[in-house]
Structures are given as C-alpha cells and as structure tokens.
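Here is a short briefing to keep beside you while you turn the model around on screen. Take it one topic at a time.

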Amino acid sequence: MTPLQIIFILVAAMTLGAGLMVVTARNLVHSALWLILALFGVAIVYVLLQAGFLAVVQVVIYIGAIAILMIFAIMLTRNIATESGPRFSENWSWALVIALVLFGTLAWMLSGWEGIAAQAPAISPRFDTVRELGLALVSPDGFVLAFEVASVLLLAALIGALVIAWDRR
Amino acid sequence: MIPLSWLLFFAAALFCIGLYGVLARKNAIAILMGIELMLNAVNVNLVAFWRYRTPEIMAGQVFAVIVFAVAAAEVAVGLALFISVYRRRKTIAADEIDMMKW
C-alpha cells in the first residue's frame, strides 16, 4: 500500500466515524462539532483528488459559514440542544433498514460496474486546474449560465431568509 | 494512487449515514445536518469522477461548486424557517411541526 492509500483509509474512517456521531449524538452542539470534523475529512479527500480549490472552498463555505450558522441556530433556539426526550423518532428502525438496503444496493451495483477499475490519468503540470475552473465558470462556451443562476439563487435565498426570520411583532 | 472503488464506497457510506440522520432524527436542525452529509457525499462522487474519467473537462468541479451554492442557500432558508417556527411554537421537533397538516 502506498502512503496515499493509508492516508485515505485513515481520513475516510475519521469522516465516517464523525458522520455516525453527527446522526447519533444526543447533544446537538456536539453533533455540529462532529459535523465540522466530517466536513474537514471531506476537504482532505478533495486534496487527495488534486482538487485544491474545492478543498479551500469546502473549509471556507462549509466549515466557516454553514457549520457556524448551524451552531448559531442551535444557540438561538434555546433548550433544544440538551433535550431529555428521545432524539430519534419512533420509526428509526425503518430508517436504519432503508439506509442499509440503499448502501447494499449501491455497493452491489458499483461492484458490478466495469468502470470501477478506472485508473486516474495523470494531470500534466502545465494544466492549471484552478485557472481552467475559473475559465469554465465564466466562459460563454462553459458554464456561465449555471454560474449566473447560482448567483440569482443565492440572492433569492438571502432575501427569503431575511423575510422568513423577520420578527413582525 | 487511490482506487476509484474506495472513493465510491466511501461516498456511498457517507450518503447512507446522512440518509439515516434525515429519516431518523427528531430535531429539524439535526435533519439539516444529515442533508449536509448527503450533499458532501455527492460532491465526493462528482470530484472523484472528474479526476478519474475526464480531468481535462472541468464539468465535474463546476457541478461541485454549484452544489456548494445550493447547499449554502438551503441552509440559510432552512435555518430561518426553523427560527421562525421556534418563535411561534417553542419547539423544532420535526413531528410536532404540523401547522400545515389538515
């Protein structure tokens, strides 16, 4: 095994363990902190896949904005972080069955797919992925329409969140 | 190099953990955290396929960036909704929010 594979196994185990803690932790603040660890693990996976820009964006947006926003929401809704009642709904066993069946089906389908043994083609050092990503996002033959739709979506979400959370009294 | 299958199984497992959180948790904010895990699993898949199949076409990474934007919008609106519901009902347990049930 190469060092890269060992790093991946460690990071994947850390991420999956943190993910399990996110969905099972009793205290909601602990859930949010485990979520930060899981998101960080995914950022490391991006680095291993040579998508450095996405790793930075993951840390800045997911950990820096989304996870912190969640912690703020937990603190704004008082008494819910340490609720004494059950943290799972009564049909959690069905949820477990559905999740396990889905994983089994996915694993079965993936193992039967011939493309799973694909080798990663080498990226030449002159191919600057960050530059290419920037060009693809704003060039008319690329994804400029999706980029603009995403910005309109973010503006709509900004205004919508303000309107919904406004205290009218 | 990491085999592609490891990445795909990792993403599938992360997705199923998130799905379990979405289906089983009572608290609405915990459900949102499950959705975040699922979106991350999808992003890992997108980036893995970009790297292993078409590294010269940036579509995979562009798709991941769009998913980032959608996730940010979803969390902003979702948390605003929960805070608004909490103000009226003093609870955000998903089974007690039934104002729209007839």
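Predicted model: local features only at pLDDT ≥ 70, side-chain atom pairs only at ≥ 80, totals over all residues.

Chain A has 6 helices and 0 strands, while chain B has 3 helices and 0 strands. The two chains meet where 61 residues of chain B are in contact with 69 residues of chain A.

**Chain A**

- Read from the N terminus, the elements of chain A run α-α-α-α-α-α.
- Chain A is more spread out than a compact globule, because its radius of gyration of 21 Å is well over the 15 Å that the globule rule gives for 169 residues.
- The C-alpha trace of chain A spans about 55 × 40 × 30 Å along its principal axes.
- Of the 169 residues in chain A, 25% are buried.
- If you take the contacts in chain A between residues at least 6 apart in sequence, 48% of them join residues at least 24 apart.

**Chain B**

- The order of elements in chain B, from the N terminus on, is α-α-α.
- The radius of gyration of chain B is 17 Å, whereas a compact globule of 102 residues would have one near 13 Å.
- Along the principal axes, the C-alpha trace of chain B spans about 50 × 25 × 20 Å.
- Buried residues account for 58% of the 102 residues in chain B.
- For contacts in chain B between residues at least 6 apart in sequence, the share joining residues at least 24 apart is 46%.

**Where the chains touch**

- On the chain B side, helix H1 (4-24), helix H2 (28-53) and helix H3 (59-89) each supply at least two residues.
- H3(B) provides the largest share of that side, with 21 residues.
- Sorted by class, the side of chain B that touches chain A has 46 nonpolar, 8 polar and 7 charged residues.

**The nonpolar core**

- The largest nonpolar core has 78 residues, and those with the most contacts inside it are A:Met70, B:Ile29 and B:Val47.
- Two or more residues of this core come from each of helix H1 (3-24), H2, H3 and helix H6 (144-165) of chain A, and from H1, H2 and H3 of chain B.
- H1(B) gives the most to this core, with 16 residues.

**Helix H1 of chain B**

- H1(B) has 21 residues and reaches 30 Å from its first C-alpha to its last, close to the 30 Å expected at 1.5 Å a residue.
- H1(B) is mostly covered, with 18 of its 21 residues buried.

**Helix H3 of chain A**

- Helix H3 (residues 52-76) of chain A has 25 residues, and from first C-alpha to last it reaches 34 Å, close to the 36 Å expected at 1.5 Å a residue.
- At A:Tyr62, H3(A) bends by about 25 degrees.
- The buried residues of H3(A) include A:Leu54, A:Gln58, A:Tyr62, A:Ile66 and A:Met70.
- The cover over the buried residues of H3(A) includes helix H2 (28-48) of chain A, together with H2 and H3 of chain B.
- A:Ile61 is also found in helix H3 of chain A.
- Why is A:Ile61 classed as partly exposed? A:Ile61 has 18 other C-beta atoms within 10 Å, and a buried residue needs 20 or more.
- Setting aside neighbours within four places in sequence, A:Ile61 is in contact with A:Ile66, B:Phe68 and B:Ala72.

Terms used:
Residues numbered from 1 in each chain as written. Chains lettered and ligands numbered in written order. Contact = placed C-beta atoms within 7 Å. Helix = DSSP H or I, 4+ residues; strand = E, 2+ residues; numbered from the N terminus. Nonpolar A, V, L, I, M, F, W, Y, C, P; charged D, E, K, R; others polar. Expected span 1.5 Å × (residues − 1). Bend = angle between axes of the 7 residues up to and from the residue. Buried ≥ 20, exposed ≤ 12 C-beta atoms within 10 Å, placed from the backbone. Rg over C-alpha atoms; globule rule 2.2 N^0.38 Å. Core = buried A, V, L, I, M, F, W, Y, C linked by C-beta atoms within 7 Å.
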